[in-house]
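Subject: Structure for your review

Dear colleague,

Please find below the structure that I would like to hand over to you.

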Amino acid sequence: KNKDDRYSTALEFTSDLQAILEQRPTMAKPPSKTWRVKQWTSRHRKLVLATSLILLFGIFGMLTALVIIANKNQELRFSKQAADRNFRKAQEAVGKLGLAVSAELASIPGTEHIRQSVLKNTLKHYKDFVQESRGNRKLLSELALTQSRIGTLILDLESPQAAIPNLNDSENSYRALLREKPGSIEALQGRARNLNQMGLAHAANGNSDAAKRCYDHAIRIQQNLSTEVSDVKHRIDLALSQSNLGLLMINSGSTDEAETTLRQSIA
């Protein structure tokens, strides 16, 4: 309706008609971005098709790679878990075998040198395990137990003074484990047993006060376990700690207290 919007000549009108036939922009209606894209696409169909195929294959390849990586990561997780399990089983088997052979040899006269050799080899195995497992939070339970066993072996092979640092390391590992898994029965039992060994080491080293503190702490843990869990091994551990505490009291001259404690152990 606006005169200024009309063609000024018939030639302009003719040009627009020709532009429509040739699918070019017109004066009457300036091209939109969408129209420009459509026109460019229609003029470069081969290029657009090739580019689309490249992008499609690229996306497909990327998705395939992501699936493969995810599967490999899962396989690695499973294989790592299996490796950790096998490592723990092997460590446990070697340790138990060495301690069992040592216990058998202890009752056979004339085999003390062989027993000492077995214990030393077992000790070396345990120390290697400690070096391998440091920093691995998944092996914290095994690390705590192994450190306690190292202390026990050194107590037998070397001296109480040399055993105490390893037993202290075990105590620290058990504390860390119980911070991660509060109330863990396995960790509490292991800690109480280690405290009992620490009591033996301190007693043999002449430190009766430290030994008594260790025994008392072990007994408290074992009494709680005996009350909460109906498992005879907790009562056996409790009886052993009470017996050791009673013997310590006898050596300290507290015979009345010793008798009470030893009767509790017998019960």
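Ala-19 counts as buried, at 2% relative accessibility; buried means under 20% relative accessible area, exposed over 50%, and partly exposed in between, with a 1.4 Å probe and protein chains only. Please note that this is a predicted model, in which local features need pLDDT of at least 70 and side-chain atom pairs count only at pLDDT 80 or more, while totals for chains, interfaces and linings use all residues. Residues are numbered from 1 along each chain as its sequence is written, and side-chain values use heavy atoms, with hydrogens and water left out.

Ala-19 belongs to helix α1. Helices (H or I, at least four residues) and strands (E, at least two) are DSSP runs, numbered from the N terminus. Leaving aside residues up to four places away in sequence, Ala-19 touches Arg-24, Pro-25 and Thr-26; contact here means heavy atoms within 4.5 Å.

The surface also deserves attention. Tyr-7, Phe-13, Leu-17, Ile-20 and Met-27 make up a nonpolar patch there, with about 500 Å² of accessible area together. Patches are made of residues with over 30% relative accessible area and no salt bridge, where like charges are joined within 9 Å and nonpolar side chains (Val, Leu, Ile, Met, Phe, Trp, Tyr) within 5 Å. Accessible areas come from the Shrake-Rupley method with a 1.4 Å probe, and for residues only the protein chains shown count as cover.

I turn next to charged pairs. Side chains of opposite charge can pair when their charged atoms come close. A salt bridge is a side-chain nitrogen of Lys or Arg within 4 Å of a carboxyl oxygen of Asp or Glu, and by this rule the count comes to six salt bridges. One of them joins Glu-171 and Arg-191, whose closest N and O atoms are 2.7 Å apart. This pair links distant parts of the chain, 20 residues apart: Glu-171 is in helix α6 (residues 160–180) and Arg-191 in helix α7 (residues 185–204). Glu-171 is buried, with a relative accessible area of 5%, and Arg-191 is buried too, at 12%.

Another salt bridge, at 3.8 Å from N to O, brings together the side chains of Asp-231 and Lys-233. Asp-231 is partly exposed, at 25% relative accessibility, and Lys-233 is partly exposed at 35%.

Finally, consider helix α10 (residues 255–266). Its 12 residues reach 16 Å from the first C-alpha to the last, close to the 16 Å expected at 1.5 Å a residue; the expected span is 1.5 Å times one less than the number of residues. Which residues of α10 are buried? They are Ala-258, Thr-261 and Ser-265. These residues cover an arc of only 70 degrees around the axis, which puts them on the same side of α10; the arc is that of the directions from the helix axis to the C-beta atoms. What covers them includes α9 (232–252). On the other side of α10, Asp-256, Arg-263 and Ile-266 are exposed.

Glu-259 and Arg-263 also form a salt bridge, with the closest N and O atoms 3.1 Å apart. Being four residues apart in helix α10, the two are separated by about one helical turn. Glu-259 is partly exposed, at 42% relative accessibility, whereas Arg-263 is exposed, at 55%.

Yours sincerely
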